[in-house]
Amino acid sequence: MSVLEVEHLRVEFGTENGPVIAVKDVSFTLEKGEILSLVGESGCGKSTVAMSIPRLLGDSHVTLGGSVHLNGVDLSAYSEKRMQEVRGKEISVVFQEPMTSLNPAYTVGNQISEVLLQHEGLSRRAALARAVELLELVGIPDAQRRTAAFPHELSGGMRQRVMIAIAVACNPLVLIADEPTTALDVTIQAGVLDIFRRLRDNLGTSIVLITHDLGVVADIADRVAIMYAGRIVEMASTAEIFAAPTHPYTRGLLGALPSRAIMQANGRRRLTDIPGLVPSPSTDPDQCQFAPRCASASIECTAARPTAEPVAVGHTVSCYHPAVGAML
Amino acid sequence: MSQKLITAKRKTVSSIPRPRWQRVVRRFARRPMAVTGLILVVGFVLFALLGPILLSDPNQQDFAAILQTPSLAHLLGTDDLGRDVFARIANGARVSLMAGVMSTALALIIGITIGLITGFYRGWVDVIVMRIVDVMLAFPFLIFAVGLAAILGASLTNVIIALAVSQVPEVIRIARGEAMAIREQEFVSGAVADGARDGTIMFRYIAPNAMGAFIVQATVAIPAAIIGEATLSFLGLGVQPPMSSWGIMLTSAQQYLAQAPYLALFPGIAIALTALGFNLLGDGLRDVLDPKETR
Amino acid sequence: MSEQPVLEVSNLVKHFQSGSRLGGGRTVVRAVDGVDLTIGRGEILGLVGESGSGKSTVGSCIARLTQPTSGTIRLLGRDISTLSRREMRPLRSEVHVVFQDPYSSLNPRMTVGQIVTEPLRQHHRGGRAERNRIVSDMLERTGLSLELVGRYPHELSGGQRQRVALARALVLGPSLVIADEPVSALDVSVQASILNVILDLQVELGFSCLFITHDLSVVEFISDRIAVMYLGKIVETATRAELFRDPQHPYTQALLSAAPMADPSSARGRERIILSGDLPSPTEEISGCPFHARCPVAIDRCRTEVPRLLGVTSPEHQSACHLVTAENGAPHIKQGDKNLVHNAS
Ligand SMILES: Nc1ncnc2c1ncn2[C@@H]1O[C@H](COP(=O)(O)OP(=O)(O)OP(=O)(O)O)[C@@H](O)[C@H]1O
Ligand SMILES: Nc1ncnc2c1ncn2[C@@H]1O[C@H](COP(=O)(O)OP(=O)(O)O)[C@@H](O)[C@H]1O
Ligand code: SF4
Ligand code: SF4
Ligand SMILES: [Mg+2]
Ligand SMILES: [Mg+2]
């Protein structure tokens with residue numbers, strides 16, 4: 001049984017300018033000790049997926065569809081009170097912006113032990129001792145002293161590590177990390193990714209890692225789900241996605257990477273870009289949403305929406321004309 | 001504007017961008033509140049211009065009919081000297097609107113210029129100007145105006161000058177704050193890199209982006225200046241009879257508050273409606289002039 | 001044409017005074033602390049480094065949007081480092097900037113047409129018809145449809161805004177463009193199209209470019225030469241191929257090893273160096289090599305003596321590290337002498 005099963009997730013926000021369908025139809029499973037990466041460009045719905053799994057979009061303007069199962073149990077059956085116990089203990093979230101996610105008025109040690117007091121019923125003293133251990137786990141030097149620090153006294157990288165320490169304090173089954181390293185420098189990012197790897201290896205944590213950086217994916221993910229306009233358009237193992245991408249959008253993303261620049265005949269470097277713009281999230285026509293930007297599009301593509309079909313073991317794609325073989 | 005020629009030359013361009021004022025008018029017309037504000041303001045201006053011509057003589061005294069409640073003969077009643085209140089409100093509108101609008105406009109022109117310059121350049125000029133502004137702001141607005149009007153002497157022009165000068169420090173403070181905030185934005189660095197002169201940066205880049213704050217200030221200041229004129233006139237420092245204003249009516253109605261409350265009520269309503277009108281108009285203008293506003 | 005470089009920066013220093021005047025806690029931020037750079041005609045120099053290392057400050061000193069504390073900046077042979085705002089104005093047709101956030105760098109109250117025309121107006125170039133011709137030409141070159149002339153910045157996508165910023169920077173035909181993280185705020189597919197446009201226009205128009213970024217794959221793609229910055233100083237500079245082939249400075253090596261690679265097999269196979277600690281605060285005065293607190297191979301001398309930026313192995317490849325010697329080449333932090341490794345985690 002999968003640790004996490006998300007089926008036909010749909011999230012709609014009602015706004016002044018009409019509905020915004022941020023997530024149209026997203027399904028995936030997450031196994032124990034697996035790192036699944038959710039990749040896509042800005043606005044494709046990654047953060048919305050991250051927020052809706054632990055039901056953090058507790059807003060009346062939001063309509064949700066589909067289901068989320070944690071260890072086989074449907075979370076929609078849980079009361080809000082029961083969800084509060086699940087959050088932080090079974091499912092934890094690390095957000096993109098470490099600055100705003102920490103409470104500036106409390107010390108780091110205080111904020112970590114708070115979670116432990118709430119979920120684990122530890123004594124204050126024991127919680128503080130555990131907080132020191134956790135800070136050591138996430139690689140903060142001089143952890144004992146740092147527990148007394150306030151968030152503004154720490155660098156961005158350290159704050160992000162504190163956020164991770166809070167998220168893993170109760171040894172959650174599932175850790176959802178939304179762009180955890182986007183605001184960090186590469187040398188710091190490498191350290192943070194290393195922590196995720198160790199959590200997975202040592203504690204068996206399952207991780208949903210949301211990112212737009214294919215470099216991060218290549219580095220750490222076991223499996224990858226490529227999102228476009230509120231849907232997963234391709235899903236495969238990391239090796240397979242990079243070696244044999246089949247969806248035209250996936251191939252476009254890979255071709256756009258500067259490290260994969262093509263040398264032209266005239267000796268000039270060139271990147272393949274994806275022409276056109278991301279479609280408006282307010283509608284969901286019955287067609288392939290990528291069609292206006294797709295070089296392989298045919299009449300079929302605008303007649304009906306393609307469904308996810310397997311092209312290899314553990315590799316699905318939603319496209320009528322999936323490409324075969326490696327990219328140039 | 002440049003786009004006209006470009007689009008004219010290249011026939012392929014499908015949509016010709018409309019000139020800005022049309023867009024502004026269109027967006028303005030779509031806001032009922034803004035339109036209401038405009039109607040109120042225009043209504044009062046017309047009332048001020050035409051009222052004294054069409055209505056009876058506001059200074060005609062009728063001792064047979066003093067302190068009358070509103071009736072068909074005197075729509076808004078009569079005052080302690082038997083003068084028609086409606087005609088007097090029309091007559092007073094001129095002075096009140098002039099004092100309110102002119103003094104505020106003058107204060108904005110002077111205050112914005114000084115504020116933008118000091119906020120943009122900072123330095124010792126700024127330090128000196130802000131010291132003076134702080135001292136001036138330490139006095140209540142009216143006390144300052146009263147003192148100034150006493151020195152200048154009683155006349156409508158001097159009332160406007162006194163009210164304008166007393167408003168200037170507040171406008172400087174606001175404009176300086178806006179200039180200091182906006183000059184740190186990257187598009188100002190972009191303008192410097194374009195080779196823009198300092199004046200261009202202040203008036204083409206900073207001022208338009210501070211427009212919202214200036215409009216808000218104007219809508220607050222106009223009613224305040226109307227009341228200010230009243231106080232000056234009440235103290236004998238403003239317009240002299242037979243000229244009148246809403247403020248004079250309001251203050252002189254005080255002694256009859258018990259017998260004839262409507263005497264204070266009607267000029268009060270006129271002031272309130274004017275304030276409302278400028279407020280709605282200001283809000284509307286601020287929105288339609290902001291290209292980011294989507295409606 | 002003479003071989004005179006478009007830009008020659010020597011010993012550029014910019015210190016910011018910060019902290020409250022009242023609290024007495026006045027500190028000096030050493031944002032740029034002695035930088036030397038040269039950019040040849042038509043050359044793209046990539047400036048990489050972590051955030052806070054002083055890249056943007058170098059850029060804005062060169063464009064004279066900031067007054068440098070000391071040092072000289074020669075633009076086309078003329079020292080502009082001490083020119084007043086007024087004296088600098090005519091020279092602004094020779095250098096322009098493109099900022100990271102294309103939204104905040106465009107006046108929200110001006111239309112695209114106005115924004116791109118603005119430099120021509122300020123420099124009194126051409127009549128109305130002439131300006132319109134130049135502007136439409138520039139919009140077309142940057143890949144913007146002419147329909148967009150009447151739009152306001154907020155009505156454009158991030159990529160379109162950055163094209164507008166580019167059109168505006170190039171409309172006067174400057175010799176030097178300073179691009180400060182011009183693609184960092186964009187998605188990869190949009191980033192790709194902007195990078196392509198920059199390269200194409202560079203070939204067509206021949207400007208030189210200081211391209212500032214923190215992304216190694218971008219800098220590798222776009223630059224002819226690369227300078228690596230750390231804590232206000234250039235620690236290494238070399239041609240693109242040379243820098244990636246033989247990174248000499250330990251910091252460059254760490255940076256290259258930490259950079260994410262979009263290729264799972266090599267990303268996982270490689271041995272990576274994870275530096276301990278964070279970038280030190282630029283307010284503290286550091287003696288010796290600025291990198292010594294994090295350098296896995298630091299020796300005692302590093303704590304006391306500042307290494308100079310020297311072309312030890314070849315004049316074209318300069319680095320600032322005591323351990324780079326003509327005989328032994330560069331130190332290799334991955335296989336550093338066990339006795340020397342005390343900072344690695
Ligand atoms: N609270 C909200 N109300 C209305 N629309 C929203 C809300 N939150 C998100 N959206 C919209 O939903 C879509 C998906 O947003 P989301 O934040 O999930 O994207 P993302 O993939 O995480 O993007 P990024 O890479 O920029 O973080 C966007 O069009 C966004 O504007
Ligand atoms: N106007 C300023 N006042 C004070 N400190 C500044 C200012 N601008 C930059 N700094 C500081 O100078 C250092 C270098 O900044 P910057 O040039 O922006 O770095 P980078 O572009 O490499 O991220 C940072 O520590 C930054 O906080
Ligand atoms: S379904 Fe058609 S339009 Fe969509 S990605 Fe595949 S080929 Fe392109
Ligand atoms: S070896 Fe010394 S000089 Fe070289 S980078 Fe390390 S600390 Fe600096
Ligand atoms: Mg997001
Ligand atoms: Mg910067």
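## Basis

This is a predicted model: local features need pLDDT of at least 70, side-chain atom pairs count only at pLDDT 80 or more, and totals for chains, interfaces and linings use all residues. Residues are numbered from 1 along each chain as its sequence is written, chains are lettered from A and ligands numbered from 1 in the order in which they are written, and side-chain values use heavy atoms, with hydrogens and water left out.

## Chain C

Chain C holds eleven helices and twelve strands. Helices (H or I, at least four residues) and strands (E, at least two) are DSSP runs, numbered from the N terminus. The C-alpha trace spans about 70 × 55 × 50 Å along its principal axes.

Of the 345 residues in chain C, 59% are buried. Buried means under 20% relative accessible area, exposed over 50%, and partly exposed in between (1.4 Å probe, protein chains only). Among contacts in chain C with a separation of 6 or more, 65% join residues 24 or more positions apart. A contact means heavy atoms within 4.5 Å. The accessible surface of chain C is about 13400 Å², and carbon and sulfur atoms account for 47% of this surface. Such areas come from the Shrake-Rupley method with a 1.4 Å probe; for residues, only the protein chains shown count as cover.

Chain C carries 37 positive and 37 negative charges, with mean positions 8 Å apart. Lys and Arg count as positive and Asp and Glu as negative; His and the chain ends are not counted. Each charge is placed at NZ of Lys, CZ of Arg, CG of Asp or CD of Glu.

## Chain C against chain B

The contact draws 41 residues from chain C and 35 residues from chain B. About 3700 Å² is buried between the two chains, with 51% from carbon and sulfur atoms. Arg89(C), Arg109(C) and Gln122(C) supply 19% of the area that chain C buries against chain B, more than any other three residues. Buried area is the accessible area (1.4 Å probe) that two parts lose on being put together, summed over both.

## Chain A

Chain A has twelve helices and 14 strands. Its C-alpha trace spans about 65 × 50 × 40 Å along the principal axes. With 328 residues, a compact globule would have a radius of gyration near 20 Å, and the 21 Å of chain A agrees.

Buried residues form 52% of chain A. Residues 24 or more positions apart give 63% of its contacts with a separation of 6 or more. The accessible surface of chain A is about 13900 Å², of which 55% belongs to carbon and sulfur atoms. The mean positions of its 28 positive and 35 negative charges are 4 Å apart.

Thr252(C) sits in helix α9 (residues 250-258). It counts as buried because its relative accessibility is 1%. Beyond residues up to four places away in sequence, Thr252(C) touches Val228(C), Val235(C), Glu236(C), Leu243(C) and Pro247(C).

Arg78(C) belongs to strand β5 (residues 78-79). At 43% relative accessibility, Arg78(C) counts as partly exposed. Leaving out residues up to four places away in sequence, Arg78(C) touches Ile73(C), Leu83(C) and Leu91(C). Arg78(C) and Ala330(C) are 252 residues apart in sequence, and their C-alpha atoms are 36 Å apart in space.

Conventions:
Rg over C-alpha atoms; globule rule 2.2 N^0.38 Å.
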